[in-house]
Amino acid sequence: MKNVFKSIIVGLSMLALSMTAGAAAAADKGTADEAVAMVKKAGEFLKKNGKEKAFAEFNNPKGQFILRDLYIFTFLANGDGIERANGANPKLVGKNVSEMKDADGKLLIKDILATGTSKAGQGWVDYKWPNPVSGAIEGKRTYVERYDDVLIGCGIYK
């Protein structure tokens, strides 16, 4: 009976530790509300400071537009597919990524551009993408919004 009791205590302790670790991992992930708020903050920064200064700040890996696994990226609304800013991957900046596909072969940039240039000028796009924090391919949901001729996006990992 004593061994059964010990086994139960050990099992409950392990369960509690795994639940704590899971909660900590979830706390490291940005939320939909945080992504929308970051896009709106970036839009205000763009309006106040202009494209050159805004893009530089959006690309700053230690800047105000990086929060855990959240980061800002931008395109122009002209549909050329050239990434103007990317807080997680500076290698993409200045490149035409319009033909970029996700892990399932989805043309995600075309969807992002279409959403941002739509009549509504904003919306969500779902795809699979490498998480810069975990390194794993994960489901991602990106909010994109048009500010004049700039599309600003920020995504969350599911």
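Predicted model: local features only at pLDDT ≥ 70, side-chain atom pairs only at ≥ 80, totals over all residues.
Residues are numbered from 1 along each chain as its sequence is written, and side-chain values use heavy atoms, with hydrogens and water left out.

**Exercise 1.** Work out which residues of helix α3 are buried and what they pack against.

*Solution.* Start with the terms: helices (H or I, at least four residues) and strands (E, at least two) are DSSP runs, numbered from the N terminus. Buried means under 20% relative accessible area, exposed over 50%, and partly exposed in between (1.4 Å probe, protein chains only). In α3, residues 108-116, that picks out Leu108, Ile109, Ile112, Leu113, Thr115 and Gly116. Looking down the axis of α3, these fall within an arc of 165 degrees, so they line one face of the helix; the arc is that of the directions from the helix axis to the C-beta atoms. Finally, they pack against β3 (73-76), β5 (122-130), β6 (137-147) and β7 (150-157).

**Exercise 2.** Find the largest nonpolar core and the element that gives the most to it.

*Solution.* A nonpolar core is a set of buried Ala, Val, Leu, Ile, Met, Phe, Trp, Tyr and Cys residues joined through side-chain atoms within 4.5 Å. The largest one has 21 residues, and Val39, Phe58, Phe65, Ile72, Ile152 and Cys154 have the most contacts inside it. At least two residues come from each of α2 (32-59), β6 and β7. Of these, α2 gives the most, with 10 residues. Apart from this core lies another, of 16 residues, including Tyr71 and Leu108.

**Exercise 3.** Is Tyr147 buried or exposed, and what does it touch?

*Solution.* First place Tyr147: it sits in strand β6. Its relative accessibility is 9%, so it counts as buried. Skipping residues up to four places away in sequence, Tyr147 touches Val39, Lys40, Gly43, Leu46, Lys47 and Ile152 (contact means heavy atoms within 4.5 Å).
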